[in-house]
Amino acid sequence: MSMKTKILLVDDDPMALSFLEFKLRSGLPAFDCETRTEPNIDGAFDIYFIDNDFQGRRVAAELASRIRRERPDALIIAFSGTLDSQTLKNLINAGCSGACDKSQPGDLDEALQVARKYIDTLNQQRASQRPQRGGLVDAVRSIRGLLDSWNTRLDQQHRQP
């Protein structure tokens with residue numbers, strides 16, 4: 001029995017949620033999607049896209065840490081316009097799988113590629129009906145490109161006067 005991938009989108013901006021859901025539906029295989037405008041991550045999801053800034057409160061690292069404890073194999077991607085170097089470090093330390101800067105169009109495309117690979121691996125595992133944690137771990141590790149991009153951006157920020 002094949003189950004659809006479950007995705008949770010959390011952002012206090014309804015327009016950003018609509019845009020993100022549109023992009024995901026345009027680029028990923030069929031999935032079930034839930035959107036929330038509050039920083040509430042309750043429930044079991046395979047993929048989480050979480051905003052960082054909720055009315056001035058930066059909560060993405062806290063949310064990522066909680067998700068990672070409760071759903072160790074989940075894919076967690078921060079989707080935010082407030083991704084400074086300290087926030088990125090906090091996200092990485094909290095177990096976030098990747099990040100998309102809303103002001104960098106290429107970031108979302110890279111995250112979609114990672115999500116697609118993750119979904120493909122998840123669907124293969126479900127089809128075989130054998131849990132294979134290594135496959136999901138490998139899929140999550142494919143975020144190396146996103147991490148390299150973050151590091152390059154952080155290095156450039158530190159070099160600018």
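Good morning. Touching, or contact, here means heavy atoms within 4.5 Å. The model is a predicted one, in which local features need pLDDT of at least 70 and side-chain atom pairs count only at pLDDT 80 or more, while totals for chains, interfaces and linings use all residues. Residues are numbered from 1 along each chain as its sequence is written, and side-chain values use heavy atoms, with hydrogens and water left out.

Let me place Leu-24 in its surroundings. Leu-24 is among the residues with the most contacts inside the largest nonpolar core, together with Ile-7, Leu-28, Ile-47 and Phe-49; this core has 22 residues. A nonpolar core is a set of buried Ala, Val, Leu, Ile, Met, Phe, Trp, Tyr and Cys residues joined through side-chain atoms within 4.5 Å. Buried means under 20% relative accessible area, exposed means over 50%, and partly exposed lies in between, with a 1.4 Å probe and protein chains only. Two or more residues of this core come from each of β1, α1, β3, β6 and α4. Helix α4 gives the largest share, eight residues. A second, separate core has 21 residues, including Ile-67, Ala-74, Ala-78 and Ala-99. In soluble globular proteins, nonpolar side chains tend to be buried together.

I turn now to the sheet. In what order do its five strands lie? The order is β2-β1-β3-β6-β7, in an open sheet with parallel pairing. Strands (E, at least two residues) and helices (H or I, at least four) are DSSP runs, numbered from the N terminus, and two strands pair if DSSP finds at least two bridges between them. At the edges are β2 (31-36) and β7 (98-101), each of which pairs on one side only. From one strand to the next, the twist averages 15 degrees. Strands β1 (residues 5-10) and β3 (residues 47-50) run parallel and are joined by four bridges. Leu-9 has Phe-49 as its bridge partner in β3.

Helix α2 (residues 60-70) packs on this sheet, where α2 touches β3 and β6 (75-80), and its direction makes about 170 degrees with that of β3. Such angles run from 0 to 180 degrees between N-to-C directions, the axes being lines fitted to C-alpha atoms, for helices over the stretch in contact. Which residues of α2 are buried? They are Ala-60, Leu-63, Ala-64, Ile-67 and Arg-68. These residues cover an arc of only 135 degrees around the axis, so they lie on the same side of α2. The arc is taken from the directions from the helix axis to the C-beta atoms. On the other side, Glu-62 and Arg-69 are exposed.

Finally, the charged pairs. The structure holds 10 salt bridges, each a side-chain nitrogen of Lys or Arg within 4 Å of a carboxyl oxygen of Asp or Glu. One of them joins Asp-11 to Lys-102, with the closest N and O atoms 2.6 Å apart. Asp-11 lies in the loop between β1 and α1 (14-27), and Lys-102 in the loop between β7 and α4 (105-128), so the pair ties together parts that are 91 residues apart in sequence. Asp-11 is buried, at 2% relative accessible area, whereas Lys-102 is partly exposed at 34%.

Thank you for your attention.
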